[in-house]
Amino acid sequence: QVQLVESGGGLVQPGGSLRLSCAASGSDFSDNAMGWYRQAPGKERELVARISRGGITATAVSVKGRFTISRDNAKKTVYLQMNVLKPEDTAVYYCNTSPSGWFWGQGTPVTVSA
């Protein structure tokens, strides 16, 4: 079973940046589109960015122009570069296939606050 390990979250001031990483075990990482999801307190989990097997990306309207997703198939890792962070970006961030199909990891918390 594939395991996902997210990292890179933390506390950042509004306007700041973070780079999240998600390392996947298993042999079929490159065969899957991957996504970054987030779940804010009291809200449902939502997809914020997606990258296809071939590297085509898409982002949610709420993060467009600020977040960039990328992947390194050799390292079985997907990244989320987050710039110009806002308090409403506060959430636990997860990666998974897109649509989600693997077991969820622990996520990495991001808090945007002054």
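At 11% relative accessibility, Y94 counts as buried (under 20% relative accessible area; over 50% is exposed and in between is partly exposed, with a 1.4 Å probe and protein chains only). Y37 is also counted as buried because its relative accessibility is 7%. W104, at 33%, counts as partly exposed.

## About the model

This is a predicted model, in which local features need pLDDT of at least 70, side-chain atom pairs count only at pLDDT 80 or more, and totals for chains, interfaces and linings use all residues. Residues are numbered from 1 along each chain as its sequence is written, and side-chain values use heavy atoms, leaving out hydrogens and water.

## Rings that meet

Searching the whole structure turns up two aromatic pairs. Rings of Phe, Tyr and Trp (its six-membered ring) pair if their centres lie within 6.5 Å; planes under 30 degrees apart are stacked, over 60 edge-to-face, and the rest tilted.

Y37 and W104 have ring centres 5.0 Å apart and planes at 85°, so they meet edge-to-face. This pair links distant parts of the chain, 67 residues apart: Y37 is in strand β4 (residues 34-39), and W104 is in the loop between β9 (91-97) and β10 (108-112). Strands here are DSSP runs (E, at least two residues), numbered from the N terminus.

The rings of Y94 and W104 are also edge-to-face, because their centres lie 5.8 Å apart with planes at 80°. Together, Y37, Y94 and W104 make one aromatic cluster.

## Charges over rings

Now look at two arginines. R19 lies over the face of Y79, 4.0 Å from the ring centre, and R71 lies over the face of F29, at 4.7 Å. A charge counts as over a ring if NZ of Lys or CZ of Arg is within 6 Å of the ring centre and within 35 degrees of the ring normal.

Methods. Helix = DSSP H or I, 4+ residues; strand = E, 2+ residues; numbered from the N terminus.
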